[in-house]
Amino acid sequence: MLKTSINFDAMLELPSNKGVTDAEICGAFELIQASGLDCVDWTLGFSEYSYSNEWTEKFDNACKKFGIELGQTHTWVEIGTVIENGEVKCVMSEEDKKKLEFSIKSTSWCGCKNTVIHPLTLPDVWDDEYRLKCRQMNIDFFEYLLNYAHKYDVNLCLETMAWHGENYAYCANPIELKDLHDALNDEKIKYCVDTGHVYASGHNVEDTIELLGDDIAALHLQDTYVGEDRHNLPPFGQINWEEVCKALANIGYTGILNFEILGGKVVKLDRDAQLAYLKYCAEMGKYFNRLIDRHRK
C-alpha cells in the first residue's frame, strides 16, 4: 500500500522569524499521528527562520518522536527573472544560493530523498523566442542545483506549473516540462505532478502522468476547476480520480500519495475538526490505494 501524506503547512502557519514553539509543532504532529496519515510534505521557505538549523532540528525531532515520515520537501526560494538586452536571466544572490543549498541539505539531513522545485518562469513575455530562452535559463539553473543534489543525494522534482496571470508559465505544458527533464539528462532530475496545476491549465491529468512516466517521484494531489488553482481535497472539483489512479497504476508508481491543500487552512479549525479533516485525507489515501490496486490487477 502506498503511504499517504499531507503538506505540513496546512497544519501550522508557516514559521515567521519569531519561530515556532515546541507546543505548536507537537500539537500538529499529534493530530497527524492520530489521523492515520503516514507522512508529511515540508515546505522550506517563506521566512528567514525556515532556513535555520533550529527549525530543521525541531521538525526532524518531531517526525521521529511521533513516527511520521518526511515524504518529500518543497524547496521554495523566490528567484527573480529578468530580461536584459534580449536575454533571459535569473537573478540569484549569494543569499539565495545559501538558501537553496540549505533546503537541499536539510532534506537529506532529515532522511528524505525528494525535494520539489518550481521551474523558473517569466512574468510577461510569452512568445516562442522567449520560451526557448526561458528553457536555457532553467537548464543553467538546474545544472547549478545538481551540484547540491549529488552532494546530498537528493532528487530534484520538477513541478508541473500552471498559468501566470493571463498567460501560461513555462512548464505549464507537460511536453515543455518533459523537454526540460530530458535536456538535463540526469538521474537526480525527477517530476512532481501537481494535479490541480495540470487540470487548471487545460491539460489532461492522466495523460500527463502517462507522458512523464516512471520518473514521477512526488505528487501534489489537489482537486480544482479549469482555470483555477483551488487546492481542494478530492473529489471537490472536476478531476477524474478514477482515471488518475489508473494512470498511476499503469506507470507503476511506488511513491507517496501526498495531498497539497492551501497552507494555514486546517489550523484555523478547532482540534476536533482538524482531526476529522486529517482522517478524511487518510481515508482518501486508502481509497486511492484500492483504485490503484484494482487497475494494477
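The following numbered points comment on the predicted model shown above.

1. Overall dimensions. The chain has a radius of gyration of 19 Å, which agrees with the value near 19 Å for a compact globule of 297 residues. Along the principal axes, the C-alpha trace spans about 55 × 45 × 35 Å. The secondary structure comprises nine helices and 14 strands.

2. Packing of α7 and α8. Two packed helices are described by the angle between their axes and the distance between the axes. For helix α7 (residues 205-212) and helix α8 (residues 241-250), the axes come within 8 Å and cross at roughly 10°. Angles under 35 degrees count as roughly parallel, and α7 and α8 are therefore roughly parallel to each other.

3. Residues at the α7 and α8 contact. On the α7 side, the contact involves Val205, Glu206, Ile209 and Glu210. These residues meet Glu243, Val244, Ala247, Leu248 and Asn250 of α8. By class, the residues of this contact divide into five nonpolar, one polar and three charged.

4. Second largest pocket. Rolling a probe the size of a water molecule over the atoms shows where empty space is left. The second largest pocket holds about 160 Å³ of space. Its lining is made up of 13 residues, and Glu69, Leu70, Cys110, Gly111 and Cys112 lie nearest the centre.

5. At least two lining residues come from each of α2 (53-66) and β3 (69-76). Helix α2 gives the most to the lining of the second largest pocket, with four residues. The lining of this pocket divides into six nonpolar, three polar and four charged residues.

6. Loop between β13 and α8. Pro235 is found in the loop between β13 and α8, and a cis peptide bond, with omega of about 5°, joins Pro234 and Pro235. Phe236 also has its place in the loop between β13 (228-232) and α8. Apart from neighbours within four places in sequence, Phe236 is in contact with Asp223, Tyr225 and Tyr280. As for Gly71, which is 165 residues from Phe236 along the chain, the C-alpha atoms of the two are separated by 24 Å.

7. Asn85 is placed in the loop between β4 (80-84) and β5 (87-91).

How values were computed. Residues are numbered from 1 along each chain as its sequence is written. This is a predicted model: local features need pLDDT of at least 70, side-chain atom pairs count only at pLDDT 80 or more; totals for chains, interfaces and linings use all residues. Side-chain values use heavy atoms; hydrogens and water are left out. Axes are lines fitted to C-alpha atoms, for helices over the stretch in contact, and angles run from 0 to 180 degrees between N-to-C directions. Angles under 35 degrees count as roughly parallel, over 145 as roughly antiparallel, 65 to 115 as roughly perpendicular and the rest as oblique. Contact means heavy atoms within 4.5 Å. Ala, Val, Leu, Ile, Met, Phe, Trp, Tyr, Cys and Pro count as nonpolar, Asp, Glu, Lys and Arg as charged, and the others, Gly among them, as polar. On a 1 Å grid over the protein atoms alone, a cavity is a set of points where a 1.4 Å probe fits but cannot get out, and a pocket is an open set with protein on both sides within 12 Å along at least five of seven lines; lining residues have an atom within 4 Å of a point. Grid points are joined across faces, edges and corners, and a volume is the space filled by probe spheres set on the points. The radius of gyration is taken over C-alpha atoms; the globule rule is 2.2 Å times the number of residues to the power 0.38.
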